[in-house]
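Let's take a walk through this protein, one piece at a time. Keep the 3D view open as you read.

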Amino acid sequence: MPGRHRRRRNGRTTGAIAGAVALVLVVVGGWFGYQRWVAPDCSGELRLTVAAAPEIAPAVQATAEAWMADGAAVDGTCVAVDVTASEPVDVAAAIAGQHGVSLNGVGQASGNAVLPTVWVPDSSTWLLRLRQQAPGFDPGSGASLARSPVVVAMPEPVAVELGWPQKRIGWSDLLKTITTGTRLRTGIVEPSRDAAGLSGLLSLAAAAQAAGANGAEAQRVTTAALRTLATGRAAVREELIARFPRATDAASIASGLGAAPLSERDVVEFNARKPPVPLAALYLDPAPLSLDYPYAVMPGAEPARVAAAERFFAQLDTPAFRSRLGGQGLRGPDGTWGKDFSAPRGAPSPAGADPTPSTETNSGGTAAGGSAAVIERTLSSWSVATQPGRMLAVIDVSGSMLETVPTANNATRMRVTLEAARRGLGLFDDSWALGLWTFSTELSGSRDYRQLVPIGPLSSQRSRLERELAAIRPKRNGDTGLFDTILAAYRTVQEDWEPGRVNSVVMLTDGKNEDANGISESALIRELKRIVDPDRPVQVVIIGIGSEVKRSELEAITKTTGGGVFVTEDPAKIGDIFLQAIALRPTTVPR
């Protein structure tokens, strides 16, 4: 049993007893007990907790059992390894909660989530996303244990129509197919919660960016691709896989799911059940990020457990473990497979992109690129383009918005802000409802804000919003009437609150409150606390531009209402900040 303590025995008596016991054990087939007897001595017990993605957990568990049977120990202490099959999204939510942050689309961890000493998620992208949001999260190791290339899974009859297996298909080919016709029904597992879905989304987004002749065209193509995928998205992998055709007749194949980014292992597992319509695994060019199963030792672990984790990792870097991977439908970390692996038809070896994503911003647009910045931008675009919302945009037109931005070719803050808003508008589909205000001081008589477009369906007022945005000009001597405007905007959104949507105020400002005749900060917070309704939440998202922004007063507001504050001292970066801010979603949307 793990953790059983073995006492030292000396002299001839010990040898005789050991020999007799060994003989009995061998006779009865008790090789396990014999190994325990002859293993190195240890005392006490040190528990090493390991949370592994469900598909690799059996191989990790079997290796742990073999190691413990062979006398797992570190510095004279017995080691007991507890392996738990854990969905990566659940562990990621727990880690994010521990650091006081949240991941886009992930939500809060369940109350019984327990943090392990070692985490083996299915992809290093989880580690990248957590590092991006929580700078204090710095796990050790991270070496890959296995690999499963991300493929586009298609029913074989559908793949044959596209030229499979003879033709090598690229992401640009798939992009054209799904955005210019309706024959191919596509789907994806929610990419903010599924690493294979995220990998496929990154590749498709990169292909869309490359297909655009300019920035506006690239955004149009990208948005079209995201919305096409979103029509067939699923909350979990099992739900998506169940949509593939279950019968061989033409009608079933035509009405079933035709293409989805999944792991190679998903295809292997599906086909092992001998379905009427097997799946083809298409290895598209450029290769998307593979699932790489990093071995991450959690920060803050005590030295003895870190040492145990290192010893256990050595057991996972062996031919025996590689053989166990094959039985789980996984390749070795180098992209080749061992025995017991049932390769899909036409599977290359090795296969898959380098499973260690870059930590730098990827500007090359390659499908394999997976920097933290690219991931965040892509997921934000996905969130905005695919989830309906009701938003009041409130833009600062005080005199300081006339200042130039050296990092944006000396364009004014106003111009940079309006360009970010214009591009954001292009991401919203017609299911959104939008309104537009501007604010400064005494902008409309004694009032600090002015309504340009009331909140209404984007389907009927997109052109009007575009015209009003283009016509916005700063008030040359105007100050920043921040507090009065926030309160009025909050009340406006709350008044006609709509269920089933994220109701929000999104404010863009480059300064702190400067209206001496308006409501004070303390009075504003008191009034917001009074009118906040948990059953009718309104998120306040404030985007601060430049060094004059007072973060503390902005955060005091959003802590009361819900939402968030996003500040960039370089106004040239407002595009990405704006996208991240409007993608902010609460954990649940009341209905």
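At roughly what angle do the axes of helix α18 and helix α19 cross? This is a predicted model, in which local features need pLDDT of at least 70, side-chain atom pairs count only at pLDDT 80 or more, and totals for chains, interfaces and linings use all residues. Residues are numbered from 1 along each chain as its sequence is written, and side-chain values use heavy atoms, with hydrogens and water left out.

Back to the helices: α18 (residues 482-495) and α19 (residues 521-531) cross at roughly 10°, and their axes come within 10 Å. That makes α18 roughly parallel to α19 (angles under 35 degrees count as roughly parallel, over 145 as roughly antiparallel, 65 to 115 as roughly perpendicular and the rest as oblique). Axes here are lines fitted to C-alpha atoms, for helices over the stretch in contact, and angles run from 0 to 180 degrees between N-to-C directions. On the α18 side, Phe483, Ile486, Leu487, Tyr490, Arg491 and Gln494 meet Glu521, Leu524, Glu527, Leu528 and Ile531 of α19, where contact means heavy atoms within 4.5 Å. Sorted by type, the residues of this contact are seven nonpolar, one polar and three charged (Ala, Val, Leu, Ile, Met, Phe, Trp, Tyr, Cys and Pro count as nonpolar, Asp, Glu, Lys and Arg as charged, and the others, Gly among them, as polar).

Now zoom out. The protein has 21 helices and 19 strands; these are DSSP runs numbered from the N terminus, with helices (H or I) of at least four residues and strands (E) of at least two. Buried residues make up 52% of the 591 residues (buried means under 20% relative accessible area, exposed over 50%, partly exposed in between, with a 1.4 Å probe and protein chains only).

Next, look for the open sheet: six strands in the order β2-β3-β1-β4-β11-β5, with mixed pairing. Two strands pair if DSSP finds at least two bridges between them. At the edges sit β2 (73-74) and β5 (140-144), each pairing on one side only. Inside the sheet, β1 (residues 43-52) runs parallel to β3 (residues 77-85) over nine bridges, and threonine 49 stands opposite aspartate 82 in β3. Three bridges tie β1 to β4 (residues 118-120), also in parallel, with valine 50 facing valine 118. By contrast, β5 and β11 (residues 294-297) run antiparallel, joined by four bridges. Helix α13 (residues 303-316) packs on this sheet, touching β1, β2, β3, β4, β5 and β11, and its direction makes about 65° with that of β1.

A couple of loops deserve a stop too. Most residues other than glycine have a negative phi, and most peptide bonds are trans. Aspartate 75, in the loop between β2 and β3, has a positive phi near 55°; at 72% relative accessibility, aspartate 75 counts as exposed. Tyrosine 293 also has a positive phi, about 50°, but at 0% relative accessibility tyrosine 293 counts as buried. Its place is the loop between β10 and β11, where you'll also find proline 286. The peptide bond from aspartate 285 to proline 286 is cis, with omega near -10°.
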